[in-house]
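Please read the points below alongside the sequence and the model.

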Amino acid sequence: MHFIHLRQASTLVLLTAAVARATLQIIPGATWTATNTGRHIQAHGAGIIEESGTYYMIGEDKTEGSAFQNINCYSSTNLVEWKFENALLSLTSSGDLGPSRVVERPKVIYNDATSTYVMYLHIDSSNYGEAKVGVATSDTVCGDYDYIGSFRPLGFESRDIGLFKDDDGSAYLLTEDRPNGLRIDALSDDYLNVTESVYLWDESIESPAILKKDGRYFMFGSHLTGWSPNDNVYSYAESLAGPWSSWAEFADDGSNTYTSQTSFILPLGDSAIYMGDRWFSTNLMRSTYIWLPLDISGTDVWMTNRVNWVPDVNAETWAAGPAENWYEGEAATLSNGAISVACSGCSGEAAAGYIGGSSGGTVSFSAVRSDATTRTTIRLKHTNGNTGERYAKISVNGVEQDIAFLSTGTGQDPGSSVIHCNLNSGSANTVVLTTDDGSYGPDIDRIMVPVK
Ligand SMILES: *[C@@H]1O[C@H](CO)[C@@H](O)[C@H](O)[C@H]1NC(C)=O
């Protein structure tokens with residue numbers, strides 16, 4: 001079911017103006033390069049906490065696979081361009097945060113009374129037998145956190161978790177208790193302990209996240225299928241203690257929530273943003289982020305799949321993404337050893353290959369058209385047969401950035417990476433890719449450039 005809001009008509013008028021100012025886009029499932037690391041964002045199973053117009057994304061570092069490495073924090077003022085801030089917790093020599101440990105789904109809320117940021121995490125042994133929550137605190141949102149310890153909330157098993165802070169400052173742990181179901185537990189006033197059970201679903205639901213909208217509570221979560229995605233569901237209630245509605249899907253049936261699992265729901269004006277993980281279980285660092293706007297009307301929630309879309313955090317709204325022109329890699333100017341290579345899954349069945357290397361292979365797109373002078377997002381369709389990331393130095397109208405390209409595996413189906421850059425109105429824009437350290441960059445199938 002998809003429904004059109006009356007408000008969309010008026011939103012559209014506002015957005016016509018917004019589009020000319022900025023078309024920075026969220027591209028679900030792409031490589032998202034942090035602006036100051038040149039690497040894919042490692043904040044899986046993330047939560048978001050917003051403060052004075054800055055969003056902090058706090059999640060798991062999966063660079064080396066599933067075992068605990070770091071809890072990372074990135075910041076953004078527009079939800080599109082993210083800067084690495086700090087590792088809030090890191091590997092210790094032993095204990096809960098030691099080698100071969102499960103430390104997942106960090107969520108942070110702020111306690112106004114104690115002026116403390118409180119983080120909850122899923123803490124477990126590598127065989128998921130301990131099933132506990134961990135608690136850590138800090139004076140600053142992305143400072144170093146002090147790890148306090150772990151426990152089983154009210155004595156029950158706890159694996160995937162979420163947190164919810166209500167308008168009155170009371171806060172709740174959302175916890176998957178495998179033998180019994182999904183729980184909402186009340187936290188103590190200082191948020192450091194669990195005091196009582198508020199609700200228990202006897203259905204098996206994990207990856208819980210609560211959104212409150214117009215006084216109503218919406219719980220989102222997934223079924224239990226391990227790293228594989230399923231059709232995620234939501235339930236709603238007027239009170240956290242229930243009664244809660246039966247579970248319903250909110251994305252196309254059979255799409256497995258567009259191949260993702262719920263991690264967090266971020267309110268955005270009349271709407272909200274679904275934030276999910278597209279896990280790549282055999283190479284977790286290449287897991288990507290599926291963020292899509294939710295349509296919420298009364299108790300109906302729906303999410304449409306999109307290649308691109310435009311959040312506007314200042315107006316607290318969003319718009320559909322722009323149409324794109326594309327430019328084939330093999331048709332660009334190839335020099336310094338870069339050549340056209342066969343690529344069965346690529347458009348034109350060819351790509352620009354041998355970018356970088358010892359000769360500094362270079363691919364230059366010229367006469368790239370934009371209908372607006374604007375900061376925008378270009379999608380780069382690429383292949384990378386390595387297990388790890390490849391990188392390229394990309395210069396757009398002379399401004400250089402380091403951009404990462406996740407593995408696309410051994411097949412020849414291209415993936416997307418993105419670069420946020422300034423384009424000028426007209427056809428005089430240039431996009432040049434190379435490397436300067438002797439490494440090979442990705443093969444470039446084509447670049448997708450917003451028309452406006
Ligand atoms: C946390 O709460 C539980 C029960 O609500 C209680 O048994 C336990 O002692 C508390 N822990 C601390 C550290 O206060």
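1. Five strands each place at least two residues in the lining of the largest pocket: E2 (44-51), E6 (102-111), E10 (161-165), E14 (206-213) and E18 (261-268). Strands here are DSSP runs of E with at least two residues, numbered from the N terminus. E18 contributes the most to this lining, with six residues.

2. The model is predicted: local features need pLDDT of at least 70, side-chain atom pairs count only at pLDDT 80 or more, and totals for chains, interfaces and linings use all residues. Residues are numbered from 1 along each chain as its sequence is written, and side-chain values use heavy atoms, with hydrogens and water left out.

3. The largest pocket has a volume of about 790 Å³. Of its 29 lining residues, Ile48, Lys165, Phe264, Leu266 and Pro267 are the closest to the centre. A pocket is an open set of points on a 1 Å grid over the protein atoms alone, where a 1.4 Å probe fits, with protein on both sides within 12 Å along at least five of seven lines; lining residues have an atom within 4 Å of a point. The volume is the space filled by probe spheres set on the points, which are joined across faces, edges and corners.

4. The lining of the largest pocket comprises 18 nonpolar, three polar and eight charged residues. Ala, Val, Leu, Ile, Met, Phe, Trp, Tyr, Cys and Pro count as nonpolar, Asp, Glu, Lys and Arg as charged, and the others, Gly among them, as polar.

5. The protein is divided into domain 1 (6-320) and domain 2 (324-450), with bounds from an automatic or database domain assignment. Contact (heavy atoms within 4.5 Å) takes 23 residues from domain 1 and 24 residues from domain 2. Between them the domains bury about 1800 Å², 53% of it on carbon and sulfur atoms; buried area is the accessible area (1.4 Å probe) lost on putting two parts together, summed over both. Gln25, Thr31 and Arg286 supply 27% of the area that domain 1 buries against domain 2.

6. Which domains supply the lining of the second largest pocket? Domain 1 and domain 2 each give at least three residues to that lining. This pocket holds about 480 Å³ of space, and Gly29, Ala30, Arg278, Thr288 and Gly415 lie nearest its centre among 23 lining residues. Its lining has eight nonpolar, 10 polar and five charged residues.

Technical notes: Helices (H or I, at least four residues) and strands (E, at least two) are DSSP runs, numbered from the N terminus.
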